[in-house]
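Reader: I have a chain on my screen and some questions about its layout. Can we go through it piece by piece?

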Amino acid sequence: RWVGCILAVLACAALSATMEVAQAFTPRRVPNPWDFVLNVAGAMAGAALAPAVTALRWRRGIALADGFALLLLACWLATRLHPYVPSLDIGEWRASLSP
């Protein structure tokens, strides 16, 4: 089971590195090493949580299609609610309060 998780993280790292290298040769795109680091960190977090989610899903009797439907619903909800997430930039707060 862990071999699959490691392979998934390595595949994510390879894809992310490829995208960052491609951005170096694309006009108006700037490669950023933090993109690579955060993508790999997200893959590691997902790989670490995958066994727990799988075990919980089997214990609760949730089918894979139900879980995927819930994921799609959550993603759709996130896109709808994204504009309402408060900004943590004080400069934006001052600009919005100025006449």
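Author: We start with a term. A nonpolar core is a set of buried Ala, Val, Leu, Ile, Met, Phe, Trp, Tyr and Cys residues joined through side-chain atoms within 4.5 Å. Buried means under 20% relative accessible area, exposed means over 50%, and partly exposed lies in between, with a 1.4 Å probe and protein chains only. This is a predicted model: local features need pLDDT of at least 70, side-chain atom pairs count only at pLDDT 80 or more, and totals for chains, interfaces and linings use all residues. Residues are numbered from 1 along each chain as its sequence is written, and side-chain values use heavy atoms, without hydrogens and water.

Reader: Which pattern does the chain follow along the sequence?
Author: Helices (H or I, at least four residues) and strands (E, at least two) are DSSP runs, numbered from the N terminus. There are 4 helices and 0 strands in the chain. Read along the sequence, the pattern is α-α-α-α.

Reader: Which elements give two or more residues to the largest nonpolar core?
Author: The largest nonpolar core has 6 residues: Cys5, Val9, Ala13, Val40, Ala43 and Ala47. The elements that give two or more residues to this core are α1 and α2.

Reader: Which residues does Ala47 contact, leaving aside neighbours within four places in sequence?
Author: Contact means heavy atoms within 4.5 Å. With its neighbours within four places set aside, the contacts of Ala47 are Trp2, Cys5 and Val9.

Reader: Is Ser16 buried or exposed?
Author: Ser16 sits in helix α1. Beyond four places in sequence, Ser16 touches Asp35, Phe36 and Asn39. Its relative accessibility is 3%, so Ser16 counts as buried.

Reader: What is the relative accessibility of Arg28?
Author: Arg28 is in the loop between α1 and α2. Its phi is near 65°, a positive value in a residue other than glycine. Arg28 counts as exposed because its relative accessibility is 84%.

Reader: How far apart in space are Leu49 and Cys5?
Author: Leu49 lies in helix α2 (residues 33-60). Leu49 is exposed, with a relative accessible area of 53%. In sequence, Leu49 and Cys5 are 44 residues apart; C-alpha to C-alpha, the distance is 9.8 Å.

Reader: What area does the nonpolar surface patch with Tyr84 have?
Author: Patches are made of residues with over 30% relative accessible area and no salt bridge; like charges are joined within 9 Å, nonpolar side chains (Val, Leu, Ile, Met, Phe, Trp, Tyr) within 5 Å. Tyr84 lies in the loop between α3 (64-81) and α4 (90-97), and Tyr84 is exposed at 66% relative accessible area. Leu70, Leu73, Trp76, Leu77, Leu81 and Tyr84 make the patch, with an area of about 690 Å².

Conventions: Accessible areas come from the Shrake-Rupley method with a 1.4 Å probe; for residues, only the protein chains shown count as cover. A salt bridge is a side-chain nitrogen of Lys or Arg within 4 Å of a carboxyl oxygen of Asp or Glu.
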